[in-house]
Amino acid sequence: LNTAGALWIVASVLLPFALGLLAFVAGHRVHRSVAWISAAALPLAALGLTRHVAAHGVVRVALGGWGRPLGIELHADAVSVLMLLLSAIVGSATSVYALAYFHVERSPGGHRREHDGASSRFWPLWLMLWGSLNALFVAADAFNVYVTLELVTLASVGLVCVEGGRAAQSAAFRYLMVALIGSLSYLFGVGLLYGTTGVLDLQLIGVALVPGPAATVAASAMLVGLVVKAALFPFHFWLPGAHSNAPAPVSALLSALVVKASFYLVLRLWLDVFAIELAVSGGRVLSLLGAAAVLWGSAQALRTPRLKLLVAYSTVAQLGYLFLVLPLLHQATDRTLVMTGVLAFALAHGLAKAAAFMAAGSVAKTAGHDRIADLAGVGAVQPLTLFAFGIAGVSLSGLPPSGGFAAKWLLVSAAISARDWFIVWTLVVGGLLAAAYVARVLRAALRVSDPSAPPARARRSPLDWPTAALAIAVLLLGFAVDPMAGLLAERLPALVAAPGWLP
Amino acid sequence: VSPETLYAAAGIGLMALGLYGAIAVIDRIRRVLAVNVMGTGVFMVLIALAARPSVGAPDPILHAMVLTGIVVAVSASGFAVALACRLDQPEDETGTDEDTPVEKGTR
């Protein structure tokens, strides 16, 4: 019975790595087939695994028959499968988008233009990133998490500079330095944890860990490392440059998935490892930083002159919410509800932000620039693109009907029932600020550039379909919150009843 | 003071030095070196933790972690140095990848 689940997990990790190697070795001839195979197969694997976990509970695979404490195990529970679903949906939409984005018109002589270089760098790196992300979501032990984190970092930094260009390379270098420091800090914590508990499996560490100075230092080092990589204020400084200078499909992947991976690990540590008083005091600090991120990121998004930078600053703000609500996991009476809200928020932001970056990329490609002040006329020329951006904006601002609204609704109700007015107010004010910066773009783009000119013909682009598909997905997510709550309630027993969990 | 305590203390010192360098230094190659110093510090702490004076033989798991960490550090450093070299070239030599219309707008 467990073999079906094992098959889906292994496929989710192995397939992208295999296709990535193929894309690297065989070059541009296989890009199209590799893109379509991964875009079709990985959502199937994620869905299959989700159904399996919903029906039979947590799936664990001991690779090579070597189980814990010494061997490497893969672990898929309700939280992991939701993240795998996010990476599958965003990943396949981005693959389709990237095919059109990096498309090269070949001249009759078969001579390839320079852009082909970007394409042949993009596919191997992206598939490696996809495999590493999926491996991270199912990693069961603290050291494997470190290895997958580094794989994610190296692939992401490479992706930032696939098109070359000095600004992108400079942002990539800064990103790499920050990410390496974050990983080393995490590794230091893992070493300390192993030194005190003698195990690496996350759940076993959680059982064996005794509160004390070693546990506190280990937890702080791991959390600081992850928070730096998740770009929580004030460690967000590397994000806007890296995410806005990357090519649009890469920006979408970085903002939707890569920073989420670090947050997922914070959540995992919260639930499995540091389920002690440590999490309560640390949670307050992270919550305050999250609130600062919401305000600072939104304020910068309101000011920046560039569309891609605006979307990147919005990521800083939206990541802030995820940390802002962490204390509710301890305070609220219904923790499953909070957990559903947090994951719905992460998923909604992933889908909406990928759509927003893709739309921004289409606008920049058509207009040749992304200056917000000069966007007049875009609404007439690219109505579908702008529509997708608008829907994504609705979700980012937390307006109905959207995944963002459903997630915020859950979180606001949980914060009210916990009487945490600080969190309630930050959620509300952040939503208003998001609506303001989204409206800034829409207002500029809906202006008519030249009233005397004949009305512009709307242009259709192959870039629009994956963008619109993600926008629709974020609307549908608004209706998927109930099944998500069911999955989390049934399949995360630790969350429902954990003795000694509350201080 | 036992040797493993000494190792751990020196490791933490190296970590702090490396971290300071990675943040405070401007030169890119030196920043890559600083991150490596920090990494070496982390590895030394792990090696000190692996000491088991009562058993004799050190803990192999921590040693395996250090070995993996070194492999990761080497590949990451190689990548970082390559990026740093490209960035240290004068603007017009950075090569053939420059003619991307969209990115020109964001520069």
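**Entry 1: between the chains**

I kept in mind that this is a predicted model. I looked for salt bridges between chain A and chain B, and the count is zero. Next I looked up polar contacts. Three residue pairs are in polar contact between chain A and chain B, with both residues at pLDDT 80 or more.

Which elements of chain A supply at least two residues each to the side that touches chain B? I noted α4 (115–137), α5 (142–160), α6 (166–197) and α14 (335–367). α6(A) gives the most to this side, with 18 residues. I then sorted the side of chain A that touches chain B by class. I wrote down 25 nonpolar, ten polar and nine charged residues.

**Entry 2: extent of the contact**

How many residues does each chain bring to the contact? Chain A brings 44 residues, and chain B brings 44 residues. The size of an interface is often given as the accessible area lost when the parts come together.

**Entry 3: salt bridges in the whole structure**

I widened the search to all chains and found seven salt bridges. One of them joins D201(A) to R60(A), with the closest N and O atoms 2.6 Å apart.

Is D201(A) buried or exposed? Its relative accessibility is 4%, so D201(A) counts as buried, the cut-off being under 20%. I also noted a network of salt bridges that links R60(A), E73(A) and D201(A).

**Entry 4: two more pairs**

D420(A) forms a salt bridge with R284(A), and their closest N and O atoms are 2.9 Å apart. This pair links distant parts of the chain, 136 residues apart. D420(A) sits in the loop between α17 (403–417) and α18 (421–446), and R284(A) sits in helix α11 (residues 277–303). I checked both ends. D420(A) is buried, with a relative accessible area of 8%. R284(A) is partly exposed, at 34% relative accessibility.

Last, I looked up D374(A) and R371(A). Their side chains meet in a salt bridge, at 2.8 Å from N to O. D374(A) counts as partly exposed at 42% relative accessibility. R371(A) counts as partly exposed at 36%.

Notes: Residues are numbered from 1 along each chain as its sequence is written. Chains are lettered from A and ligands numbered from 1 in the order in which they are written. This is a predicted model: local features need pLDDT of at least 70, side-chain atom pairs count only at pLDDT 80 or more; totals for chains, interfaces and linings use all residues. Side-chain values use heavy atoms; hydrogens and water are left out. Contact means heavy atoms within 4.5 Å. A salt bridge is a side-chain nitrogen of Lys or Arg within 4 Å of a carboxyl oxygen of Asp or Glu. A polar contact is a pair of N or O atoms within 3.5 Å; within protein, one must be able to donate a hydrogen and the other to accept it, and residues adjacent in sequence count only if both atoms are side-chain atoms. Helices (H or I, at least four residues) and strands (E, at least two) are DSSP runs, numbered from the N terminus. Ala, Val, Leu, Ile, Met, Phe, Trp, Tyr, Cys and Pro count as nonpolar, Asp, Glu, Lys and Arg as charged, and the others, Gly among them, as polar. Buried means under 20% relative accessible area, exposed over 50%, partly exposed in between (1.4 Å probe, protein chains only).
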